[in-house]
Amino acid sequence: MGQLNTFPLSYKVQGLRIVIVGGGEEALNKVRLATKTTAQVVIVSRHIEADFSGFAVKQVERAFEPADLDGAALVFVAEEGVDAELAKAEARARGIPLNVVDVPAECDFYTPSIVERAPLTIAISSEGNAPVLARLVRARIEAMLPPGFGKIASLAGRLRQRVESVIHDGAARRRYYEALVTSPQVESAVAASPIAGQYQAELLLEQHVQAGSAKGVVWLIGAGPGSEDLLTLRAQRLLQEADVIVYDQLVPTVVVDMGRRDAERIDVGKAKGHHSFSQAQINTLIVRLAGQGKRVARLKSGDPMVFGRAGEEISALRKAGIPYSIVPGISAALAAAADTATPVTLRGVSSGFIMATAHGADDSDLQHWAALARSGLTLALYMGKSIASDVAGRLVAHGASPLTPVGIVVNAGRPDATAYGGTLRSLMDGDGTFVDGPAIILVGEAVAAGDWAAAAQFSAQNFKVA
Ligand code: SAH
């Protein structure tokens with residue numbers, strides 16, 4: 001390991017001044033940082049040019065005077081010229097730590113990139129060598145910590161004595177704090193108000209005391225359509241927390257891989273021809289795992305509440321008294337709409353959007369097809385790829401115009417997304433072959449407003465989405 005040339009520390013500035021010499025953009029950058037502290041921030045410059053009005057900063061528009069450094073804890077020099085030189089000399093003479101913007105050789109200290117969730121601060125420093133890298137690392141850490149994390153940290157601080165008095169076992173206490181900082185309920189309560197946060201935290205404490213030990217939980221998590229960057233931050237965080245990840249066949253490896261490295265992974269995928277779990281077995285499995293005190297991430301493609309059999313799993317969890325929460329995800333229909341720039345609702349064209357199955361309902365399910373055909377709304381049909389021509393036929397048979405625009409997106413939301421466009425008529429007449437992968441069928445006049453320029457056609461016949 002290389003050695004550091006700087007010493008990382010948190011420096012007290014409360015009740016002191018931070019003096020910034022300069023009045024331009026560079027000074028503004030430092031003001032932004034300095035005003036995050038309780039120090040009195042002062043800028044001194046003959047030319048105050050940037051707009052400092054949004055910050056609690058004292059503006060001194062004149063030449064620098066040595067007395068400006070009275071009571072200063074830190075000095076930033078963010079301009080060049082005689083004032084700058086005077087300020088540097090004065091700071092050095094007084095032994096006040098100095099930062100000269102963009103001149104590492106003249107700096108006594110560097111400002112790290114920070115992730116701030118006061119009172120929690122994470123500083124990332126490259127000792128001035130690679131600020132871009134430091135910012136990149138910072139962005140990653142930002143994504144890991146919910147915005148209210150600092151408030152949760154304060155909450156944990158306030159609850160400390162109480163927790164110690166009711167949970168005596170150290171390991172159990174740690175589990176409580178872990179649960180506290182990762183609970184979506186506490187997170188949203190804290191965001192609402194401190195009292196709501198306190199209430200949720202105490203509720204959780206009671207649960208832990210009652211359980212006496214680790215209590216398992218099941219998170220039903222939407223994995224989105226299959227690209228790792230279409231996962232929510234909350235999903236990512238809980239995947240990192242989970243002891244076990246139970247996932248479906250449609251959830252791609254890249255997403256499953258985002259879990260903790262040592263988490264157990266169980267594929268309950270319903271791959272054709274392979275052994276797979278029945279829904280009843282999955283229900284039993286998640287109840288059993290959580291019953292053993294494990295934190296279970298139940299990963300489903302898209303959104304868990306849309307054709308995800310979440311209803312059955314939730315009712316099993318309720319029956320067993322296992323705590324659970326749901327993390328929404330981007331459903332395939334919305335990814336398909338995004339890929340093809342299709343506004344599923346459109347003023348004057350489509351006043352609504354229906355997510356429906358193309359499969360669960362067969363020919364005999366007249367009501368289903370009649371309702372869809374007559375709705376006049378944009379339809380997103382799931383699980384219909386292998387019967388796409390039949391689906392078009394049924395809609396037409398139930399009164400939809402054969403000229404209704406249709407778009408099919410296979411592998412929506414993924415790098416290899418492939419679109420097909422046409423009308424109900426041309427889909428009926430088409431050869432019904434598409435590339436491999438799950439597909440969404442979008443139907444309705446609003447589809448024509450999308451960008452289907454790159455879309456293939458259903459057959460060789462002439463049809464077109466305008
Ligand atoms: N809960 C999921 C749907 C699961 S049902 C969601 O909200 O998206 C499985 C069906 O979803 C597939 O048959 C297909 O119609 C659709 N689907 C899932 N992922 C898809 C994707 N990446 N592109 C297109 N359709 C997809």
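## Helices on the mixed sheet

In this predicted model, helix H12 (residues 332-339) lies across S13, strand S14 (378-382), S15 and strand S17 (439-443), with contact meaning heavy atoms within 4.5 Å. H12 runs at about 70 degrees to S17; axes are lines fitted to C-alpha atoms, for helices over the stretch in contact, and angles run from 0 to 180 degrees between N-to-C directions. Helix H14 (residues 388-397) lies across S14, S15 and S17, at about 145 degrees to S14. Helices (H or I, at least four residues) and strands (E, at least two) are DSSP runs, numbered from the N terminus.

## The mixed sheet

Six strands make up this open sheet, ordered S13-S14-S17-S15-S16-S18, with mixed pairing; two strands pair if DSSP finds at least two bridges between them. Its edge strands, S13 (353-357) and S18 (456-457), each pair on one side only.

Six bridges link S15 (residues 405-410) and S16 (residues 418-423) in the antiparallel sense. Gly-407 stands opposite Gly-421 in S16.

Strand S8 (residues 217-222) is joined to S12 by four bridges, and Leu-220 stands opposite Ile-326 in S12.

## Basis of the model

Residues are numbered from 1 along each chain as its sequence is written.

Technical notes: This is a predicted model: local features need pLDDT of at least 70, side-chain atom pairs count only at pLDDT 80 or more; totals for chains, interfaces and linings use all residues. Side-chain values use heavy atoms; hydrogens and water are left out.
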